[in-house]
Amino acid sequence: MIQLIKGFKDILPDESGYWRQVENLAAEIFACFGFVELRPPILERTGLFEKSIGQDTDIVEKEMYTFADRKGDLVTLRPEATASVVRAYIQHQLYAANPCRKLYTIGPMFRRERPQKGRYRQFHQINAEAFGVKEPYLDAQMILLVTTLFRRLGIDDVTVHLNSLGCRQCRPAYKQALHAFLEKHREILCADCRQRLDRNPLRVLDCKVEECRRAAAGAPAIAACLCPECEAHFAAVKTLLTDLHVDFQLDDRLVRGLDYYTRTTFEVQTGSLGAQNAIAGGGRYDELVKMLGGPDQPAVGFAVGCERLIELVRQSNRLTIETGVDLFIAALGSEIREKAFRWMSELQLFGFSVEMCFDERGLKSQMKQADRLGAAETLIIGESELSAGRAVLRNMRTQQQRELPLAGLVEQLKTLLTDPTTRKGIST
Ligand code: HAM
């Protein structure tokens, strides 16, 4: 049998209800914050990611699924969504009428990382990007938005880590200071970091190797190198978050693995998932739109990792997904089955979830099936009910039964099944 590819995963029916629920809630919250949906393609020209994420990042260096298409053009399965959203913002001049656009997108991303729990080669992100506002209000809004999503899903064990990476004016001086410091520890750095040191010393701060962590422990913090404008911007973000009662932890080691960030960067981490503890990450990228050929418009965004989020949702046990059907029709005998089939179809078209058994089976076996399907109600009808002109409706939870006349049966069921006490649904 051909098995699925390593690092890829099926989202099975017992999980897909959580996905739908999470995506629906995200769409609801996005609407409150003024975001509209954009659906960019999954395949883009390789150059888009090389230019935006950065040549010296792990993603571009070793994780992209890149191949030549039949004409020899290099294309890549998107490793993240920001680059595509920026491309679409520029290509379709989404800034023309009003540069302040807030766009969200949900979908699969691809990175050829070493698979482990919580780390996949195809994973999904809920991604948000807001363009056209340089003021710190929007940084605070983005963090409020993402924490609201976690709170509404009943996830408590999250910490917002916050940093500022400065701008084109102040970061070079910090890089220099960091380089000078790390140079003194070059011999204990891992082979990757020794290379990183010369190309982008900030990335050494992100390395998980114990020796590199130790070497970086005493490194200078960027906070001391921020220019007055970046410092004021960051101070305002912190004040706004405090006013909004959003807890955060300053983390001057948070550099993120993508090169486009300027000023505010953040990551939402949890203690409940083991090594893969980042469930969301983002920040400001005021220069990327211009760098990709668009107008000089600032931007800020984030992405939530859906697999990790859904694992937390399942662990927290606060979200119950009812998957049962509204009605099961237990019809006994072929003549009644034909009628039941018409009733079932009519009720389905009306909007109820209805199931029946299509082959000849006894009542006991059909009731078992109704149980397996989690039916809220079961309509029972055999020869004797038919000749008496009545059917029996049983509430599967209370086991209470009532008789319904066959005349106008479907109309009666439409009313009865709409009764919220008999309906099944999704509850938070
Ligand atoms: P990122 O930190 O690379 O940021 O990814 C965001 C989130 O995606 C991570 O916190 C994690 O939850 C999830 N994630 C990343 N890689 C994997 C993986 N291999 N398996 C499972 N989950 C994963 C970005 O992608 C930026 N584009 C975020 C952003 C948007 N910045 C500005 N706008």
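What follows is a short chat about a predicted model with a ligand and several helices.

Q: How many residues surround the ligand?
A: 26 residues surround the ligand. The closest are Glu80, Glu113, Glu129, Tyr261 and Ala278.

Q: What does the side chain of Glu129 do there, in terms of distance to the ligand?
A: One of its N or O atoms is 2.8 Å from a nitrogen atom of the ligand.

Q: And which polar backbone atoms are 3.4 Å from an oxygen atom of the ligand?
A: A polar backbone atom of Ile279 is 3.4 Å from a ligand oxygen. A backbone N or O atom of Ala280 also lies 3.4 Å from an oxygen atom of the ligand.

Q: Switching to helices. At what angle do helix 5 and helix 9 cross?
A: Roughly 45°, with the axes coming within 9 Å. Helix 5 covers residues 136–152 and helix 9 covers residues 228–243. That angle makes helix 5 oblique to helix 9.

Q: Is that crossing left-handed or right-handed?
A: The crossing of helix 5 and helix 9 is right-handed.

Q: Which residues meet there?
A: From helix 5, Pro136, Tyr137, Asp139, Ala140 and Ile143. From helix 9, His233, Ala236, Val237, Leu240 and Leu241. By class, this contact of helix 5 with helix 9 has eight nonpolar residues, one polar and one charged.

Q: What about helix 2 and helix 4, how do their axes cross?
A: Helix 2 (residues 46–53) and helix 4 (residues 82–91) cross at roughly 105°, and their axes come within 9 Å. The two are therefore roughly perpendicular to each other.

Q: Which residues make that contact?
A: Leu48, Phe49 and Ser52 in helix 2 meet Ala83, Ser84 and Arg87 in helix 4. The contact of helix 2 with helix 4 has three nonpolar, two polar and one charged residues.

Note on methods
Residues numbered from 1 in each chain as written. Predicted model: local features only at pLDDT ≥ 70, side-chain atom pairs only at ≥ 80, totals over all residues. Heavy atoms only, no water. Axes fitted to C-alpha atoms, helices over the stretch in contact; angles between N-to-C directions. Helix = DSSP H or I, 4+ residues; strand = E, 2+ residues; numbered from the N terminus. Parallel < 35°, antiparallel > 145°, perpendicular 65-115°, else oblique. Left-handed = near helix turned anticlockwise from the far one by under 90°. Contact = heavy atoms within 4.5 Å. Nonpolar A, V, L, I, M, F, W, Y, C, P; charged D, E, K, R; others polar. Near = heavy atom within 4 Å. Polar contact = N/O pair within 3.5 Å; in protein donor to acceptor, adjacent residues only side chain to side chain.
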